[in-house]
Amino acid sequence: MYKLSTLQAHRILACLRAMPVAGLGLLALGASKPLVAEDFLLFKEASPEHSGVAISKTKAFTWQAGPWEVPVVRDVTAGHHFTCVLLESGTVRCWGRNGYGELGDGTTTNRTRPAPVPGLGNVVGIAAGYHHTCALIEDRTVQCWGHNNEGQLGDGTTTRRTRPTPVSGLENVVGLAEATYHTCALMDGGTVQCWGHNRLGELGDGTTTNRTRPTPVLGLENVVGLAAEAHHTCALMDGGTVQCWGRNVHGQLGDSTTEDRARPVLSFDPSKQGPQVRSVVCARADGMLVAESYCQADPKPISLEMF
């Protein structure tokens, strides 16, 4: 048995967190609170596979040899002062501000470390708005959580949710785009449905009425990509054209006007304005990227040493 260096202590903590049983929180090892590297004073290897015992200030912690499962991040999304990642396992972890339940952990407590979203599995896509988050499930349904003052969770209410809640009546979804207070879904047939804030025409249904449930965007078909910003949304069509709707005070819809549009208008036509579009993004006035189309190939997974 020997005294640990700081680096060794961090490595032990990383290994413990990567364990399938105890990786989501070290309380399974007998700790009364989350462990930090400084808790470990002594370490004794028990086998060449590095099973062993770590002696803390209060007790000994034992664990078995691997294989240890290190999480791989498939996707990341960020809202207003919070962040969520989708892991290769199909689970989601979030951290940061949680005043409206943005982290989906059943509380409104801010988190300075990644925390699992309970009850959420088989997730294939995630997207965050200003104070809400949505997850696309493998069965092509959607679950959302967080602030819901404008109906942006799509569950038929304006009630805040601190845990994932199914979006009402939504099936066959293949992509998501979220903005400040509205959410849109790309459907398997190439149509789009949106819900939430609509006073500037963000939902594209021809009205300025907020919707607490998904509503079809008028006249859209053969959509292959979708992006949303604070108060406008854009769709990429399979022919390479782009259609947008919503707020247009700065000309962000690209239709040569500054008039808000409650239904899609042609924003870009490659046959008249240049090369064919391969993806579409929307950005805020400060230049921050908000969302990008789902027509791009899945990004290469990024392996994180410790989460």
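Tutor: Happy to! Let's start at R199, which is partly exposed, with a relative accessibility of 46%. Please keep in mind that this is a predicted model. The partner of R199 is E150, and their salt bridge brings the closest N and O atoms to 3.0 Å. E150 sits in the loop between β11 and β12, while R199 belongs to the loop between β15 and β16 (211–216), so this pair ties together parts that are 49 residues apart in sequence.

A second salt bridge links R140 and D188, with 3.3 Å between the closest N and O atoms. Here R140 comes from the loop between β10 and β11, and D188 from the loop between β14 (182–187) and β15 (192–196), so the two connect parts 48 residues apart in sequence. R140 is partly exposed at 34% relative accessible area, and D188 is partly exposed as well, at 47%.

Now for the strands that these loops connect. β9, β10, β11 and β12 form an open sheet of four strands, in that order and with antiparallel pairing. At its edges stand β9 (123–128) and β12 (161–166); each has a single partner strand, so one side of each is left without a neighbour in the sheet. From one strand to the next, the twist averages 20 degrees. Inside this sheet, five bridges join β10 (residues 132–137) to β11 (residues 142–146), and A135 stands opposite Q143 in β11.

For another salt bridge, look at D255 and R261, whose side chains meet at 2.8 Å, N to O. D255 counts as buried at 15% relative accessibility, whereas R261 is partly exposed at 24%. Salt bridges with shared partners join D255, E259 and R261 into one network. In total, the structure holds eight salt bridges.

N98 lies in the loop between β7 (92–96) and β8 (111–116), and N98 is buried, with a relative accessible area of 0%. Its side chain reaches the backbone nitrogen of L103 at 2.9 Å, and a polar atom of the N98 side chain lies 3.1 Å from the backbone nitrogen of E102. Setting aside neighbours within four places in sequence, N98 has contacts that include G104, D105 and T107.

Conventions
Residues are numbered from 1 along each chain as its sequence is written. This is a predicted model: local features need pLDDT of at least 70, side-chain atom pairs count only at pLDDT 80 or more; totals for chains, interfaces and linings use all residues. Side-chain values use heavy atoms; hydrogens and water are left out. Two strands pair if DSSP finds at least two bridges between them. Axes are lines fitted to C-alpha atoms, for helices over the stretch in contact, and angles run from 0 to 180 degrees between N-to-C directions. Buried means under 20% relative accessible area, exposed over 50%, partly exposed in between (1.4 Å probe, protein chains only). A polar contact is a pair of N or O atoms within 3.5 Å; within protein, one must be able to donate a hydrogen and the other to accept it, and residues adjacent in sequence count only if both atoms are side-chain atoms. Contact means heavy atoms within 4.5 Å. A salt bridge is a side-chain nitrogen of Lys or Arg within 4 Å of a carboxyl oxygen of Asp or Glu.
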